[in-house]
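Hi there,

Here is the structure I promised to pass on to you. Have a look at it first, and then read my notes below.

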Amino acid sequence: MLVRKVNRKWLLVIGMVLMVALLAGCGGQINHTTSTEDLQSGNFWEKNVVYYFAITLDSFADWFGGSYGLAILLLTIIVRTAILPLTLKQYRSSKAMQKIQPQMAEIKKKYKDNPQKQQEETMKLFQQNQVNPMAGCLPLIVQMPVFIALYNAIYMNPDVRSHEFLGLALGEPGPWYILPLIAAATTFIQSKMMQAQQTQTMPGMGMMLAIFPVMIFVMALNFPSALPLYWIFSNIYTIVQNYFLYVRSSDKGKEALAK
């Protein structure tokens, strides 16, 4: 069981590193488009996914008088709201796993010398309580293509690269590390809000949540300002969302117990 937990922990970390590598690999493509329409002559991903995110960004910018900063904000809100059902599913799975933690601890103690029996009894416990231990991971996996497509749409849109927002050139890294620091700080805050919940049900998640803000900061140092701006908008949305899901609901639970 210990080996399995260690392997799962490293799989999570390696998965995150691979995702960062995938995103960072877009760096060589920054000059490969001269217009949003050029994406239609790209590869399958660009023609059928990234193009529609890019055209949506262009439309939103037209609504805001050419402001791609506000267009990124609106698109971020829409995407995050669209995947809210997945986030709620993840939240419910996390709460269900927390409820059976005492029983799982008892099974571990009772069958500590019999890993096979321990696994069998744990699976029975999951079935009896209708808990899917993978339900917390699946929403994250489903979200990845959406976020990567939005990332590509921002990164490969030449109009975004030539636009300024709040005095920042969206196509160039920002001065004085302002956006990378804010992106890392907001990532850290939302990670801390989730950490107490996720580390109980997903071994290795604590390590991943700890290194993620550092990875975001390092990536944002070299990327055009549009990308850390997107991360900041997305993080702020998540922080507000996590407040209602984790912090406020936890406070209500404590108040109920106190009564």
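This is a predicted model: local features need pLDDT of at least 70, side-chain atom pairs count only at pLDDT 80 or more; totals for chains, interfaces and linings use all residues.

Residues are numbered from 1 along each chain as its sequence is written, and side-chain values use heavy atoms, with hydrogens and water left out.

The protein chain has 11 helices and two strands (DSSP runs numbered from the N terminus: H or I of at least four residues for helices, E of at least two for strands). Along the sequence their order is α-α-α-α-α-α-α-α-β-β-α-α-α. Of its 259 residues, 44% are buried (under 20% relative accessible area with a 1.4 Å probe, protein chains only; exposed is over 50%, partly exposed in between).

Now for the rings. There are five aromatic pairs (Phe, Tyr or six-membered Trp rings with centres within 6.5 Å; planes under 30 degrees apart are stacked, over 60 edge-to-face, the rest tilted). One of them is Y177 with F217: the centres are 6.5 Å apart and the planes at 70 degrees, so this pair is edge-to-face. Because Y177 lies in the loop between β2 (168-169) and α9 (178-201) and F217 in helix α10 (residues 205-222), the pair ties together parts 40 residues apart in sequence. F217 is partly exposed, at 23% relative accessibility.

Y243 and F244 also pair edge-to-face, because their centres are 5.3 Å apart and their planes at 80 degrees. Y243 is partly exposed at 38%, and F244 is partly exposed at 45%.

Happy exploring!
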